[in-house]
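Hi,

Here is the structure I promised to pass on to you.

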Amino acid sequence: MLSIVNSLSQTRISSVARLFRGHDFSSSCTCLISQKATFYTRSVHSRSQQSESRLAPIGVSAALDARTNSNASGPKIFKEFSLSDRVCIVSGGNRGLGLDMALALCEAGARAVYCLDLPERPGEEWEATRAFVERMKTGVNADKTTRLEYVSVDVTDQEVVWKRAEEVGDKEGRVDVCVAAAGVSSPSIDCLEFPGDKFRKVLDVNTSGVFFTAQAAGRQMRRFGIPGSIVLISSMTGTIMARGHETIPYNTSKGAVNQMTRSMACELGKEGIRVNSISPGYIFTRMVETSGVLQQYPDLIERWSSQNPLGRIGRPDELRGVVTWLASDASTFCTGSDILVTGGHHAW
Ligand SMILES: NC(=O)c1ccc[n+]([C@@H]2O[C@H](COP(=O)([O-])OP(=O)(O)OC[C@H]3O[C@@H](n4cnc5c(N)ncnc54)[C@H](O)[C@@H]3O)[C@@H](O)[C@H]2O)c1
């Protein structure tokens, strides 16, 4: 018996050991299997735990493989960014940064992207984007379709957000990606005078709403055993101050999102679920347009533009690359990180 165990290959030993895991066998045979498995595990961990790519072999490993495998395929870098057949949830997806990121996920090949937002019916921009997506073919051979869906929900209602995400899971059988972008700005008021109700309202959407959305999607990832990716939309003001803006609840809410990112990443890493945040700098969207700051400070855009090395504010489409990278297998070793996209504002 022992000689049979000794002759087992590394793969067979690992699978036999897996079968025995949790069983209370104490024979010398089991013991030997366990010792061999530990030895193999130790010796291969340094390599096998380096990569969890679903596209392996990739990179230099693919080049080495190609020496003996004439069927080795060509470039894989764009495949690593592919979201083929994945299902995504984007809060705040009716307009602004949320809608631009939702479109990017469709273009990367997602099966469906569900936009969660407040209005009962989506707006004109969203409808135009859906029509655009309907005509779009994605995938390496441009043979796949993608869908943009709309769900009306207030992200501050935990129970309802969980339920809506569960319905997505029921329908699609999976949830792979979550982008929590719903947010509100805050009025500019002296921090010592800021009214409590207004303070709580901003935190309710920007912190609790982001948390409930991440929970809702994470619960579906756990339900289907999916090593998904959760991206929380923070702001550079979660880390640094925007000079001249007395917006204490907004900055506080975004600082909380940064720590939420690290906290959730640490708890969910063992399930393969990654959690990161994106912190944009100034980007001209309806949030800026309707917040009243332009009326308060007419020279605001010039002022903001002069505050970063690129000398301009950002466009809503300038988060497309980073969100697709974080959502996809191109970033499988990235979790607990905050990615600053500020035109260099934070560097000065
Ligand atoms: N525009 C910028 O300069 C900038 C900079 C840094 C961070 N951000 C962040 O990016 C995110 C998107 O902002 P934007 O600029 O696209 O603003 P936006 O106002 O155009 O979009 C925000 C979306 O969130 C939705 N929303 C608000 N409250 C909601 C709720 N309770 N439930 C569901 N949806 C709700 C709104 O209806 C809207 O569609 C926000 O979290 C914002 O704080 C924006």
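S279 stands opposite L340, a residue of strand 7. Strand 6 (residues 274-280) and strand 7 run parallel and are joined by 4 bridges. Helix 14 (residues 320-327) packs on the sheet, where it touches strands 1, 4, 5, 6 and 7; its direction makes about 145° with that of strand 5. Contact here means C-beta atoms, placed from the backbone, within 7 Å. Angles run from 0 to 180 degrees between N-to-C directions, with axes fitted to C-alpha atoms, for helices over the stretch in contact.

Please keep in mind that this is a predicted model: local features need pLDDT of at least 70 and side-chain atom pairs 80 or more, while totals for chains, interfaces and linings use all residues. Residues are numbered from 1 along each chain as its sequence is written. Helices (H or I, at least four residues) and strands (E, at least two) are DSSP runs numbered from the N terminus.

Now the sheet as a whole: it is open, with 7 parallel strands in the order 3-2-1-4-5-6-7, where pairing takes at least two DSSP bridges. Strand 3 (147-152) and strand 7 (338-341) are the edges, each pairing on one side only. From one strand to the next, the twist averages 20°.

Best wishes

Methods:
Contact = placed C-beta atoms within 7 Å.
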